[in-house]
Amino acid sequence: MRGKLLKIILFIVILFTISVPPCFAKAKGYCYVIAYSYRQQVVVFTPVFMKKVKNVSYSEEEFVADVELIRKMESAFDRHVRSTMNINAPDLTVSARAAFKSSTIAYQRLNAEKQEYIRKAWDIKQASNFNF
């Protein structure tokens with residue numbers, strides 16, 4: 001009886017050890033953050049950067065990004081923009097675009113957003129010295 005119980009426990013431990021690591025696997029997610037002001041008609045972009053994200057996806061282009069990661073990116077960029085650029089605090093809206101599966105997809109999305117703001121004749125700025 002004791003030997004059979006020991007074998008079952010050992011089997012469960014081995015099964016758990018094999019199945020758990022894929023749940024915590026990380027993938028490379030490509031991200032960028034924008035900050036914009038409707039009143040001043042200015043938009044500020046970060047360059048595309050890579051962050052480790054969970055390897056969970058429901059689309060061909062994006063991984064599922066943690067809300068915590070998104071909030072950290074937004075608050076860090078908010079502080080950066082407010083301290084380095086002349087944009088009024090109440091006017092500023094910051095939004096992170098997180099966890100694209102490739103840098104090509106991220107750059108395509110970033111360029112599409114830039115073109116939209118260019119079409120609206122907004123002032124486009126890049127925060128190239130932003131590090132996250």
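In the predicted model, strand E4 is largely enclosed by the rest of the structure, because six of its eight residues are buried. The strand spans residues 93-100 and runs antiparallel to strand E1, which covers residues 26-37. Six bridges join E1 to E4. Within this pairing, Ile 34 stands opposite Ser 95 of E4.

Beyond its neighbours within four places in sequence, Ala 96 is in contact with Tyr 32, Val 33, Ile 70, Met 73 and Glu 74. Two of these partners, Tyr 32 and Val 33, fall within the residue range of strand E1, whereas Ile 70, Met 73 and Glu 74 fall within that of helix H2, residues 67-84. For Met 73, the C-alpha atom lies 6.6 Å from that of Ala 96, although 23 residues separate the two in sequence.

Helix H2 also takes part in the largest pocket, where H2 and strand E3 (49-54) each supply at least two lining residues. The space in this pocket amounts to about 150 Å³. Strand E3 gives the largest share of the lining, with four residues. The lining as a whole consists of Lys 26, Lys 51, Lys 52, Val 53, Lys 54, Val 64, Ala 65, Asp 66, Glu 68, Leu 69, Lys 72 and Phe 132. By class, seven of these residues are charged and five are nonpolar, while none is polar.

A search of the whole structure finds 10 aromatic pairs. One of them is formed by Phe 49 and Phe 132, whose ring centres lie 6.1 Å apart with an angle of 55 degrees between the planes, a tilted arrangement. This pair links distant parts of the chain, since Phe 49 belongs to strand E3 and Phe 132 to the segment after E5, 83 residues apart. Separately, Tyr 36, Tyr 38, Phe 45, Tyr 117 and Trp 122 form one aromatic cluster.

Backbone geometry draws attention to two loop positions. Gln 41 has a phi near 50 degrees, a positive value in a residue other than glycine. Gln 41 is located in the loop between E1 and strand E2 (42-45). With a relative accessible area of 40%, Gln 41 is partly exposed. Ala 121 likewise has a positive phi, of about 65 degrees, although it is not a glycine. The loop that holds Ala 121 lies between helix H3 (103-119) and strand E5 (123-126).

Technical notes. Residues numbered from 1 in each chain as written. Predicted model: local features only at pLDDT ≥ 70, side-chain atom pairs only at ≥ 80, totals over all residues. Heavy atoms only, no water. Contact = heavy atoms within 4.5 Å. 1 Å grid on protein atoms, 1.4 Å probe; cavity = no way out; pocket = protein on both sides within 12 Å on 5 of 7 lines; lining within 4 Å. Points joined across faces, edges and corners; volume = space filled by probe spheres on them. Nonpolar A, V, L, I, M, F, W, Y, C, P; charged D, E, K, R; others polar. Buried < 20%, exposed > 50% of the residue type's maximum accessible area, 1.4 Å probe, protein only. Pairing = 2+ DSSP bridges. Phe/Tyr/Trp six-rings, centres within 6.5 Å; stacked < 30°, edge-to-face > 60°.
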